[in-house]
Amino acid sequence: MNTCGAKAGGPSLDGIDVSKSAIVQGIALIGGEPVSRGYVRLLDAQGDFTAEVPTSREGQFRFFASPGQWSVRLLTAGATCEAKFSLHLGEPVDLVLEIAS
Amino acid sequence: MSRETSLVNSDWVSLNLSTSGVVLVEVDEDTDAYEKGHIAGAVKLHWRDDLQDKVRRDIVAKSDFEKLLSDRGIANDDTVILYGGNNNWFAAYAYWYFKLYGHKDVRLLDGGRKIWELESRELTTDVSTRPASKYVATEQDHSLRAFRDEVLAAIGKLNLVDVRSPQEFSGELAAPAHLPQEQGQVRGHIPSAKNIPWAKSANEDGTFKSDADLAELYKGAGVNVDTDTIAYCRIGERSSHTWFVLHELLEMKNVKNYDGSWTEYGSLVGVPVELGA
């Protein structure tokens, strides 16, 4: 298990009304390179699965959730990592999910 | 059906990439996924452009399905192996679709695209083409498909299984959390429905849980195996995943997929809706 950081890295929010959404997004990296063949799972406060997206070619991901406690879990070949965070309306959270190579 | 006749694993696919009569078909929610890389030899079906009527909200007509499969070079006696992203959501939808139109031998790659990628198996960007076939479909098998009036009549009587996330079921979210939440439908769920999220039937790598675990899951959630069942979600693809589990893996009788799902039900005037867990 690797520890995930919490720095900016998600896709552009241009054109999205962030005031009505509780958004978490970010970028997944392995050895500093984008994870283009990975999966990010959104888990609720109890750790139960809520949603999943494949990472983009640039390693990016985004979820529109609701306010509260959440975590994301990155799956890629041979490695995983997790990050926990709180979401609030109008305050997008940007994460870097980084796995050492 | 059973696990042996409705599923294959990634080793089986690897061994049968060049087997005559085996056709791999990728169907994804992310419609660019195939172009990012796909299993060698796989052809693509686009869940919206190929599998949705161009004008009405409906699946395509029999004649259009025949033309689609003929153009893709899929024959009636081929073994079709479907796989895709999102834990096979749209591949399961296509599986249900193939069964609806009477294809004899169709199976899912257990774990779909995700297991293939997590096992670091090879993907190619070479687009696959196959010689055209002359596919002949049957009429739709409506024993597999529920329509809205059946759903209304089923409230409080049959098993209604809402496979969306708990947050969508309660009304907290209007759509899956990876999608924008501005939706035209009201929020909530059909009264008397049991919320058994599709994800509870799958392992983290996208493979299905064991038959014993699946049977316990639905029994424990109050699904009466002796009663007819209708599964629904938002647009009918996640509920295809659960339909596959109940009808194909657990071999329950009389299980229907309501492909109108919450997009239809949540837009109907005057129907009962419940909020909360």
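This is a predicted model: local features need pLDDT of at least 70, side-chain atom pairs count only at pLDDT 80 or more; totals for chains, interfaces and linings use all residues.

Colleague: How do you know that domain 1 of chain B is in contact with domain 2 of chain B, and how many residues take part?

Modeller: Two residues are in contact if their C-beta atoms, placed from the backbone, lie within 7 Å. In chain B, 18 residues of domain 1 are in contact with 17 residues of domain 2. On the domain 1 side, α1 (3–6), α5 (85–100) and α6 (112–118) of chain B each supply at least two residues, and α5(B) gives the most, with eight. Helices here are DSSP runs of H or I of at least four residues, and strands are runs of E of at least two, numbered from the N terminus. By class, this side of domain 1 of chain B has ten nonpolar, five polar and three charged residues. Ala, Val, Leu, Ile, Met, Phe, Trp, Tyr, Cys and Pro count as nonpolar, Asp, Glu, Lys and Arg as charged, and the others, Gly among them, as polar.

Colleague: Which values describe the packing of α5(B) and α10(B)?

Modeller: Two packed helices are described by the angle between their axes and the distance between the axes. The axes of α5(B) and α10(B) (residues 238–249) come within 7 Å and cross at roughly 65 degrees. Axes are lines fitted to C-alpha atoms, for helices over the stretch in contact, with angles running from 0 to 180 degrees between N-to-C directions. From α5(B) the contact includes W89(B), Y93(B) and W96(B), and from α10(B) it includes W243(B) and F244(B).

Colleague: What is the handedness of the crossing of α5(B) and α10(B)?

Modeller: The crossing is left-handed. That term applies if the near helix is turned anticlockwise from the far one by less than a right angle, and right-handed applies if clockwise.

Colleague: Why is F61(A) called buried?

Modeller: A residue is buried if 20 or more other C-beta atoms lie within 10 Å of its own, exposed if 12 or fewer, and partly exposed in between, with C-beta atoms placed from the backbone. F61(A) has 29 other C-beta atoms within 10 Å, and therefore counts as buried. F61(A) lies in strand β6 of chain A, and its contacts, leaving aside residues up to four places away in sequence, include V40(A) and V53(A).

Colleague: Why is S192(B) called partly exposed?

Modeller: S192(B) has 14 C-beta neighbours inside 10 Å, so it counts as partly exposed. Its place is in the loop between α8 (166–170) and β7 of chain B, and it has a positive phi of about 80 degrees although it is not a glycine.

Colleague: Why does N254(B) count as partly exposed?

Modeller: N254(B) has 15 C-beta neighbours inside 10 Å, so partly exposed is the term that applies. N254(B) lies in the loop between α10 and β9 of chain B, and its phi is also positive, near 55 degrees.

Colleague: Why is helix α9 of chain B said to lie largely in the open?

Modeller: One of the ten residues of α9(B) (residues 211–220) is buried, so the helix lies largely in the open. α9(B) is followed by G222(B), whose phi is positive, near 95 degrees.

Colleague: What makes β7 and β9 of chain B edge strands?

Modeller: Two strands pair if DSSP finds at least two bridges between them. The open sheet of four strands has the order β7-β6-β8-β9 in chain B, with parallel pairing; β7 (194–195) and β9 (255–257) each pair on one side only. β6(B) (residues 159–162) and β7(B) are joined over two bridges, with D162(B) opposite N195(B).

Key. Residues are numbered from 1 along each chain as its sequence is written. Chains are lettered from A and ligands numbered from 1 in the order in which they are written.
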